[in-house]
Amino acid sequence: MTPTVPVTEFFRPQLCGDGLPFVTVSYAQSLDGCLASHDHRALALSGQASMTLTHAIRAGHDAILVGVQTVLSDDPMLTVRLVAGAHPQPVVLDSRLRFPISARLLTHPRGVWVATVTPPPPTLAPALTVLHTNSTPNGQVDLPHLLQQLGERGIRSVMVEGGATVIASFLQARLVNRVIVTLTPRYFGGVGIAHTLRTAMPIALPHPHCFALGEDFILWSDLT
Ligand SMILES: NC(=O)c1ccc[n+]([C@@H]2O[C@H](COP(=O)([O-])OP(=O)(O)OC[C@H]3O[C@@H](n4cnc5c(N)ncnc54)[C@H](OP(=O)(O)O)[C@@H]3O)[C@@H](O)[C@H]2O)c1
């Protein structure tokens, strides 16, 4: 199915009636299922057209969420640059407050929200806002508690962009409303969701749609 309306309309998040944000997981992977290199560096996966789509999806969401390892590896800005639109609020999962003070995200116009289970130190970079959450049994950020806090702060939609560990956690916890995958028809070698996902049952994408975009394919489905 090829979108016949602007992509921002096409992938516009729905309103969840329960006050929790709508969760879109959106990422790019190679034919061999890799999101990153073996040493956790970024791979140049998306073509120009699918990268532009990613920025349009960013602009359609209230918040954009990544794991701290993505910040440490890529030093991303997480802004909207390739289309016109507002920057979503960056949120970083960072249980042990490893967020580097040199991170470019600290210059983001909206500041950064860091979700953690660690009590914050007395002094913090002014651009950082700490969201203290319950801890999972393995000492990480409790995702349902975080989504509740985001909802209370007026966030109605979250785009979860990566990396593989964070995406696997959202899928495992069945907290995903929509999945959008950019599939690039190349083999890279590296690591992907298969390396981190632990699930007894397959997680099926109901009624999946697929369309070609530039040199890539976009596969998407609403799970709820
Ligand atoms: N292809 C793509 O679309 C794409 C998109 C984004 C990133 N990437 C790539 O992904 C790589 C990084 O991915 P990654 O899998 O190594 O790390 P990640 O998913 O970016 O971050 C994982 C870290 O998040 C923290 N975390 C806190 N609470 C968590 C929870 N409930 N569930 C899961 N994680 C939680 C954990 O560190 P603590 O325990 O210290 O809190 C965990 O190790 C980078 O190389 C980047 O280039 C690819």
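These legends walk through several views of one predicted protein model.

**Notes for all views.** Residues are numbered from 1 along each chain as its sequence is written, and side-chain values use heavy atoms, with hydrogens and water left out. Because the model is predicted, local features need pLDDT of at least 70 and side-chain atom pairs count only at pLDDT 80 or more, while totals for chains, interfaces and linings use all residues.

**View 1. The whole protein, from end to end.** Welcome to the overall fold, which has 5 helices and 9 strands; helices (H or I, at least four residues) and strands (E, at least two) are DSSP runs, numbered from the N terminus. Starting at that terminus, the order is α-β-α-β-α-β-β-β-α-β-α-β-β-β. The C-alpha trace spans about 50 × 40 × 35 Å along its principal axes. The radius of gyration is 17 Å, which agrees with the value near 17 Å for a compact globule of 224 residues; this radius is taken over C-alpha atoms, and the globule rule is 2.2 Å times the number of residues to the power 0.38.

View 2. Of the 224 residues, 47% count as buried, where buried means under 20% relative accessible area, exposed over 50%, and partly exposed in between (1.4 Å probe, protein chains only). Among contacts with a separation of 6 or more, 66% come from residues 24 or more positions apart; a contact means heavy atoms within 4.5 Å. The protein exposes about 10700 Å², with carbon and sulfur atoms supplying 57% of it. Such areas come from the Shrake-Rupley method with a 1.4 Å probe, and for residues only the protein chains shown count as cover.

View 3. Look here for the buried residues of helix 5: Ala164, Val166, Ile167, Ala168, Phe170 and Leu171. Their cover includes strand 1, strand 2 (63-67), strand 3, helix 4 (143-152), strand 6 and strand 7 (178-184). In the loop between strand 6 (157-162) and helix 5 (164-172) you will find Gly163, and the peptide bond from Gly162 to Gly163 is cis, with omega near -5°. Just after helix 5, Arg174 takes a positive phi of about 55°.

View 4. Strand 8 (residues 209-213) and strand 9 (residues 216-222) run antiparallel and are joined by 5 bridges; two strands pair if DSSP finds at least two bridges between them. Ala212 stands opposite Phe217 in strand 9. The hairpin has 2 residues between its strands, and Gly214 takes a positive phi near 60° there.

**View 5. Two loop residues with positive phi.** Asp75 sits in the loop between helix 3 (68-74) and strand 3 (89-93). Here phi is near 50°, again positive in a residue other than glycine, and Asp75 is partly exposed, with a relative accessible area of 26%.

**View 6. Arg12 and Arg58.** Arg12 belongs to the loop between helix 1 (7-10) and strand 1. This residue counts as partly exposed, at 42% relative accessibility. Although Arg12 and Arg58 are 46 residues apart along the chain, their C-alpha atoms are separated by 10.0 Å.
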